[in-house]
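I opened a notebook for this structure. The entries below follow the order in which I looked things up.

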Amino acid sequence: ISPGYARGAAFVYDPFRDAELPRYGIDSAQVTAEHKRFHEALDKAVEELQAVERKVFAELGRAEAAIFSAHLAMLKDKSFIERVKARIERDWVNAEHAVDREIAELVRLFSEVGNEYIRQRASDVKDVGRRVLKHLGHWARTGAGTLPPQAVLVAEELLPSDSLDMNRSHLAAFVTERGGGTSHAAILARSLGIPAITGVADATKQ
C-alpha cells in the first residue's frame, strides 16, 4: 500500500493491549458531571487535532492535513455529541463507556458499507474515539517513541495518528494485518516515503 523496500528488526506495536476501559454506573445526580467530563475531553481533543493539522500542513501539505480536518469535523459533529450525552443520561453510564459504545456503532456502520473507500473511514472513526478516550484519562499511547533504529513496525492496524506518533527516523516500514490502499494511514505512509504492506494474517503473532 506504500511502495519501497526495507529491511530491519520487527517491532510489534500494540499500545492498547492491556488497556481496560472503565465501565461503571452513575446516578442521576452524576449525569451533569459526566457530560462536563465529556465536553472537556472534546475540547482538549479539538485543540490537539488543530495542532496536528497545522503541523501536517506545514510538513506534508494540504491533502494530508485534510485527513485531520475530517477528524476535527467528526469531533464537532452535533449528532455524535448528542448521542453520547443521551447514552450517558439514558443508560446512566460513565462518559468513557458512552463514547466507546457510540464509536463502536459508527465503526460497525462504516465497516458494512460496500464501497471500500467508505469502509476504510472506519479507522478514522476509531482514531477520533481513541483521542477522546485519551483525554478522558484512558488509553494514552505508549511505546511509539521507543522504536529501535531501523524498525519494521508490525501491528494489527495502524490509525492515521499512529503514523505520525512514531519516531520516523527509526521507522523502516509498516506491516499490518488489516488496512487498505485508500486508508488514511496508507496515504500518510506514502507521503512520508515509508514502505508499507497490509493484509498479512496473524503478523503480530508471527
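**Helix α3 and its surroundings**

Helix α3 runs over residues 78–91, which makes 14 residues, and its first and last C-alpha are 20 Å apart, close to the 20 Å expected at 1.5 Å a residue. After α3 comes W92, and I read a positive phi for W92, near 55°.

**Confidence**

I am working with a predicted model. The chain has a mean pLDDT of 88, and 94% of its residues reach 70 or more. Where is confidence lowest in the chain, and where is it highest? I found the lowest in helix α7 (residues 160–165), with a mean of 78, and the highest in α3, at 96.

**Helix α6**

I turned next to α6, which has 14 residues and reaches 20 Å from first C-alpha to last, close to the 20 Å expected at 1.5 Å a residue. Ten of these 14 residues are buried, so α6 is largely enclosed by the rest of the structure. I wrote down the buried ones: A122, S123, D124, V125, D127, V128, G129, R131, V132 and L133. Which helices do the buried residues of α6 pack against? I found α1, α2, α4, α5, α7 and α8. Just after α6, G137 has a positive phi of about 105°.

**The second largest pocket**

I looked up the volume of the second largest pocket and got about 280 Å³. Its lining has 21 residues, and Q120, S123, E157, R178 and G179 lie nearest its centre. S123, one of these, is also on my list of buried residues in α6. I then asked which elements each supply at least two residues of the lining. They are α4, α5 (116–120), α6 (122–135), β3 (171–176), α8 (184–192) and β4 (196–197).

**S183**

I placed S183 in the loop between β3 and α8. S183 is buried, because its relative accessible area is 6%, and the cut-off for buried is under 20%. Leaving aside neighbours within four places in sequence, I found S183 in contact with Q120 and R121. Q120 is also among the residues nearest the centre of the second largest pocket.

**A51**

I located A51 in helix α1. A51 counts as partly exposed, at 37% relative accessibility. I compared its position with that of F68: A51 and F68 are 17 residues apart in sequence, and their C-alpha atoms are 9.8 Å apart in space.

Most residues other than glycine have a negative phi. Q150 sits in the loop between α6 and β2 (151–155) and is partly exposed, at 46% relative accessibility.

I noted D202 too, a residue other than glycine with a positive phi near 55°. D202 lies in the segment after β4. With a relative accessible area of 40%, D202 is partly exposed.

How values were computed:
Residues numbered from 1 in each chain as written. Predicted model: local features only at pLDDT ≥ 70, side-chain atom pairs only at ≥ 80, totals over all residues. Heavy atoms only, no water. Helix = DSSP H or I, 4+ residues; strand = E, 2+ residues; numbered from the N terminus. Expected span 1.5 Å × (residues − 1). pLDDT = per-residue confidence, 0-100. 1 Å grid on protein atoms, 1.4 Å probe; cavity = no way out; pocket = protein on both sides within 12 Å on 5 of 7 lines; lining within 4 Å. Points joined across faces, edges and corners; volume = space filled by probe spheres on them. Buried < 20%, exposed > 50% of the residue type's maximum accessible area, 1.4 Å probe, protein only. Contact = heavy atoms within 4.5 Å.
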